[in-house]
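Dear colleague,

I am passing on the structure below, and my notes on it follow.

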Amino acid sequence: MIVIAIANQKGGVGKTTTAINVGTALAATGQRVLLLDLDPQGNASTGFGLSRADREHSTYDLLVTDANLEDVAVPTKVPGLDIVPATQDLSGAEIELIEFEARTHRLDGAISRHSGQRWDVVLIDCPPSLGLLTINAMVAAHALLVPLQCEFFALEGLSQLLNTVERIRSRFNPGLSILGVVLTMYDRRNRLTDQVSDDVRAVLGRVVFDTVIPRNVRLSEAPSHGLPALIYDHRCVGSQAYIALAREVIDRLPKLKKAA
Ligand SMILES: Nc1ncnc2c1ncn2[C@@H]1O[C@H](COP(=O)(O)OP(=O)(O)OP(=O)(O)O)[C@@H](O)[C@H]1O
Ligand SMILES: [Mg+2]
């Protein structure tokens, strides 16, 4: 079971859209996927159309009450893709976690306790901060997938993220790697985005995925229908880009498996 955290402390860069659609594309290729919604906003849960009644159990239970993965995961409309939803409770979890001695390892503990063979890939949709929730995800993960919005300050936020990764590596999780950085909301008509994309590739090199996710209104419409874009409109350019990205992710998985 490979654990991938989708993280960037910057808000609105495409973490959740990437989690939902890469998860769906991976499931379509036969991977058994579990998505953990670790954001109190619960956007990934809403994006799959989960009602309040579907959220009896949540990632809060994993972090705070020692629940088991298999007891809190629920199926989505996508065959092969299960989710542990987020609820409002999660917004208090960071404070409640302070009471635990192993507060940075709560999620890692829940994932490690799961001995079954039920899922191949676990994707964690992180909140837009570098607080305890994201740290729990980074401690539990084999690798990070980092969406980066094509805009002027993109690289500035990234160095803060990479510093945190470095600290997590040296203190808790030496094997944590960067699976890749994906450029999102790429707009062909805007010359600045080209410039940003060139700069990011010059600085980060091969860690940047070849696939870029274009700005595409279908991607932003899909969640209001409670569906991944890949199902809402699998032919739109956004969906096609996520299928290509998932292919690149699959190509990079074997390296992680060796380390895991
Ligand atoms: N490629 C895209 N083209 C157009 N709209 C997009 C694209 N990617 C994401 N969006 C829209 O932009 C908004 C932010 O995206 P998303 O929720 O995926 O980002 P996020 O990083 O998870 O945000 P947060 O930090 O709040 O969790 C959403 O309304 C989403 O539908
Ligand atoms: Mg989000």
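**What was found**

In this predicted model, the contacts between helices α6 and α7 involve R106, L107, D108 and I111 on the α6 side, and these residues meet N136, A137, V139 and A140 of α7. Helix α6 spans residues 106-113 and helix α7 spans residues 132-140, and their axes come within 7 Å of each other while crossing at roughly 40 degrees. The handedness of the α6 and α7 crossing is right-handed.

R106, one of the α6 residues in that contact, also lies over the face of F100, where the distance to the ring centre is 4.0 Å. As for pairs of aromatic rings, with centres required to lie within 6.5 Å, the count comes to zero.

Turning to the strands, there is an open sheet of eight, which is mixed in its pairing and has the order β3-β4-β2-β5-β1-β6-β7-β8. Its edge strands are β3, at residues 74-75, and β8, at residues 208-214, each of which pairs on one side only. Within the sheet, strand β6 (residues 143-149) and strand β7 (residues 177-186) run parallel and are joined by seven bridges. To give one example of a position in this region, L148 has L183 in β7 as its bridge partner.

Methods. Residues numbered from 1 in each chain as written. Chains lettered and ligands numbered in written order. Predicted model: local features only at pLDDT ≥ 70, side-chain atom pairs only at ≥ 80, totals over all residues. Heavy atoms only, no water. Phe/Tyr/Trp six-rings, centres within 6.5 Å; stacked < 30°, edge-to-face > 60°. Lys NZ or Arg CZ within 6 Å of the ring centre and 35° of its normal. Pairing = 2+ DSSP bridges. Helix = DSSP H or I, 4+ residues; strand = E, 2+ residues; numbered from the N terminus. Axes fitted to C-alpha atoms, helices over the stretch in contact; angles between N-to-C directions. Left-handed = near helix turned anticlockwise from the far one by under 90°. Contact = heavy atoms within 4.5 Å.
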